[in-house]
Amino acid sequence: MTFQIKQCRWLYISLSILSLCLAVTITPAIASLQLPTTSTLNVSASTSQPTNWLEQGRNLYHSGRFVEAVTSWQTAAQQYHTQGDRQGEALSLSYLSLAQQELNQWEAAQQSIEQSLKLLQTARPPADAILWAQALNTQANLQLHTGKAETALESWQQAQKFYDQAGDKTGSLGSQINQAQALQSLGFYRRSKQQLEALTQKLLTMPDSQVKVSGLRSLGLALQMIGDSSKSQQILEQSLAIASKIAAKPHLSSILISLGQTAVDLQDPEAGLDYFKQAQLLASNPSDQLQARLAEFKLFLNYDKPEFAIRLAPQLLQRLRELPPSHTSLYAAINFVATLNHQSNSDQIIPLKDLAQLMAVTVKSAQQIQDTQAEAYALHQWGKLYRRTQQLSEAQELTQKSLNIARQLQANDIIAQSAWQVGQLYKQQGDRSKAITAYTEAVNALKALRGDLVAINSDVQFSFRTSVEPVYRELVDLLLENQPSQAELMQARELIEALQIAELDNFFREACLDRTQQIDRVDPTATIVYPIILPDRLTVILSKAGQPLRSYVTHKSQTEMEQTLNKFLVALNPVSDSQDRDRLSQQIYDWLIRPAEGDQAFIDTKTLVFVLDGRLRNIPIAALYDGKQYLIEKYAVALSPGLQLMATRSLHQNHISAIVGGISQSRAGFSALPAVESEVKQISKSISSSVLLNQEFTSKALAERVKSSSASIVHLATHGQFSSRLEDTFLLTWDGEVNVKEFSELLKNRGSDPSKAIELLVLSACDTAAGDDRAVLGLAGLAVKSGARSTIATLWPVKDRAAAILMTRFYEQLRQPKITKAEALRQAQISLIRQTDFHDPFFWSGFVLIGNWI
């Protein structure tokens, strides 16, 4: 069976903006903690004893029946309180907080854990170490979920000490894995990776046991969440081998499901399918078997194998109908319907009326077990089914119910989906005003998610491309209909900027820091250009300090525009027909620039700053041709990932110094870059430089040099790649590839003082993934995450001799008084056009300046 990779990802492994930087925390205490001894808790055989309520709550929690678990643990806490048993009450309250967190009852969870810790502090005799470990673990879990990563890290460090004191190895390992994830949330990727690597070594030296299996699996999941899929696969395979060896049957199916997910993440669906089939055979309980079959079902649909999905669907539907109500079974049903709702031909797999009936039953079951969040999700999917059959009034009623519940819960993830669907329904009915109001609520919910770090149930996560980006774009389309007002133009511009930020969040799997300075108010000689690709037109919004926004519309289909852009990229190859290239370039110029020029909108403009959209991101804007000259010959050009992401500051020409690193020799399978050596030497002559070449250019040496030096520029002439996949975005040092997250942390090595930030980061030999319209996110993301105010990089591999000449001339220009970075790059590019053999756009237009152009 051969699978063709599709763009849409699995619902539960998609790189969703909604999952942000919050990794799944490991809560070993609930699984590994032995109930206190009978002497401590006065256990008797009576079913009314609090220990029995405690144990019942644990069983309910593990089966996903969180509301009932809350009731059991509240009862246990009350009975322990009546008996005067502070330790038993504290344990019950700690468990209660965990269940309340699962239900998104954050205030109640906070009150429960605070009360638990207070009881432990005053307990006489002093509380057992294991109880302290449990409570601190629960507290840390809550702190991370509510955006307090730093305090969560401290709490897990304390919890680890108590687990060690109590001899609970699983708890200790779980706390250490969670510490690594908290470090990720704080941006300390190298520290996190070092901690995970140390944990791996520690686990591998342990004797084979259930603890080792559980620890390795948790570690594998953590690595999967942070994007290290290859390492995750390796660790999970080790966990599987040990589980098989010691016959740890309960672990096998869950490890195999995780391995299947990792295989698909590594774009190996055949291996993923094999793992899911093995998981079904070895599942020790119906829930694991169902999860494996659901994973297999999604794989078939997302890799264009509907004939296999059709065979499996009725069996899954029957199984979902038979399951007793629980948190797990409700979300399995919702997940099944959500997967089919993403398919245009799902009625050929399962009749829509059967899916609607399943959601009706799911809503009732959710009401029965008081799982209001599951009820809201089910109502949303049920409404989507009615919308697909054009039963708009029924769809409106169900979706509005979902939205009302979500508002009561303050569940922004559900608000985002249901408000979007309400907006779509109003749009279908021609009510533009109500549609805009609903869409705006959906966008605001999406924005709130990144700040609040809300944990989204993994079964109902959805992909950025299918469920986040369209919300922004459809609202922009509505706002820009007909003759938009200034208010509508401003809102559309802000939405495009917010979308850029959201895409960066999605790329890094965490919320990027945004800075609030609006740069179009800082540089009066710059005009900001927002080209927005809509399904049936291109709208260009212009923003200039002190002037009203302007907009220009070109009526072309998105398909036609993207075909032209793709042809232009191909025509940039030096062996292509130059006349064909100029014709395509002029056509794009006519779309983006000429209407505004004809309107004399660029008078007094020295720099054009582009906030590019979609496929336009891969286009070398400097090479656009007006029939006589290139755009770069008329204006300096810069790119911005959004005006609110950068701080403004110009280089002091008299105090320019640089750290210059590079690799000229063949290394790690990458070709030699012979001109790098001369490039490094020429730059060193132009400006004061600290050089790291070849063997000296290691990640450690670069980190130390950045930390100890006050250099304002970091210039790296080495191989690198930027892709829309975080895993495929890296730079090459002598000792190997450094991924973009680690690299950005390395560049921040000077601490948090903004005055010490790197002013300019130059990457003169890197590449972006061809044909990937989100690959430039890697560049933009690095520019934002590194803290560098500006980044110069290349959209494709440029002949190293041309790069050496251009960069040398760039630095010569940069030393001139009162020159901006954008103008220095412009003059260097013009010199290649007019004074060298490298006048073809291929050699100079791939260099782009991202960020602060001043």
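Contact is taken here to mean heavy atoms within 4.5 Å. The structure is a predicted model, in which local features need pLDDT of at least 70 and side-chain atom pairs count only at pLDDT 80 or more, while totals for chains, interfaces and linings use all residues. Residues are numbered from 1 along each chain as its sequence is written, and side-chain values use heavy atoms, with hydrogens and water left out.

The protein holds 35 helices and 15 strands; helices (H or I, at least four residues) and strands (E, at least two) are DSSP runs, numbered from the N terminus. Of the 854 residues in the protein, 61% are buried, where buried means under 20% relative accessible area, exposed over 50%, and partly exposed in between (1.4 Å probe, protein chains only). Among contacts between residues at least 6 apart in sequence, 71% join residues at least 24 apart.

Helix packing was described by axes, which are lines fitted to C-alpha atoms, for helices over the stretch in contact, with angles running from 0 to 180 degrees between N-to-C directions. Helix α14 (residues 269-282) and helix α15 (residues 286-302) have axes that come within 8 Å and cross at roughly 155 degrees. The two helices α14 and α15 are therefore roughly antiparallel to each other; angles under 35 degrees count as roughly parallel, over 145 as roughly antiparallel, 65 to 115 as roughly perpendicular and the rest as oblique. The crossing of α14 and α15 is left-handed, a term used if the near helix is turned anticlockwise from the far one by less than a right angle, with right-handed used if clockwise. On the α14 side, Pro269, Gly272, Leu273, Phe276, Lys277, Ala279 and Gln280 take part, and they meet Gln289, Ala292, Arg293, Ala295, Glu296, Leu299 and Phe300 of α15. This contact of α14 with α15 comprises eight nonpolar, three polar and three charged residues. In this classification Ala, Val, Leu, Ile, Met, Phe, Trp, Tyr, Cys and Pro count as nonpolar, Asp, Glu, Lys and Arg as charged, and the others, Gly among them, as polar.

Helix α15 also packs against helix α17 (residues 327-341), at an angle of about 10 degrees and with the axes 11 Å apart. Helices α15 and α17 are therefore roughly parallel to each other. Their contact is formed by Ser287, Leu290, Gln291, Leu294, Phe297, Lys298 and Leu301 from α15, together with Thr328, Ala332, Asn335, Phe336, Thr339 and Leu340 from α17. Seven nonpolar, five polar and one charged residues make up the contact of α15 with α17.

A further pair consists of helix α5 (residues 86-102) and helix α7 (residues 129-145), whose axes come within 10 Å and cross at roughly 25 degrees. Helices α5 and α7 are therefore roughly parallel to each other, and their crossing is left-handed. Helix α5 contributes Gln87, Leu91, Ser94, Tyr95, Ser97, Leu98 and Gln101 to the contact, and α7 contributes Leu131, Gln134, Ala135, Thr138, Asn141 and Leu142. The contact of α5 with α7 has six nonpolar, seven polar and no charged residues. Glutamine 139 also lies in helix α7 and is buried, with a relative accessible area of 17%. Residues up to four places away in sequence aside, glutamine 139 touches Ile113, Leu117 and Ser155. Between glutamine 139 and serine 97 the C-alpha to C-alpha distance is 8.3 Å, at a separation of 42 residues in sequence.

Helix α24 (residues 469-479) is mostly covered, with 10 of its 11 residues buried. Among the buried residues of α24 are Glu469, Arg473 and Asp477, as well as Val471, Tyr472 and Leu475.

Turning to the strands, two strands pair if DSSP finds at least two bridges between them. Strand β1 (residues 526-534) and β2 run antiparallel and are joined by eight bridges, with isoleucine 532 opposite threonine 539 in β2. Two residues lie between β1 and β2, which form a hairpin. Strand β2 also pairs with strand β3 (residues 550-554), in the antiparallel sense over five bridges, and valine 540 has tyrosine 552 of β3 as its bridge partner. The hairpin of β2 and β3 has five residues between the strands, and in this hairpin glycine 546 takes a positive phi near 75 degrees. Strand β2 (residues 537-544) is mostly covered, eight of its eight residues being buried. Arg537, Thr539, Ile541 and Ser543 lie on one side of β2 and Leu538, Val540, Leu542 and Lys544 on the other, and both faces are covered.

Serine 657 is placed in strand β6 (residues 657-662) and counts as buried at 19% relative accessibility. Apart from neighbours within four places in sequence, serine 657 is in contact with Ser688, Ser710, Ala711, Ser712 and Ile713.
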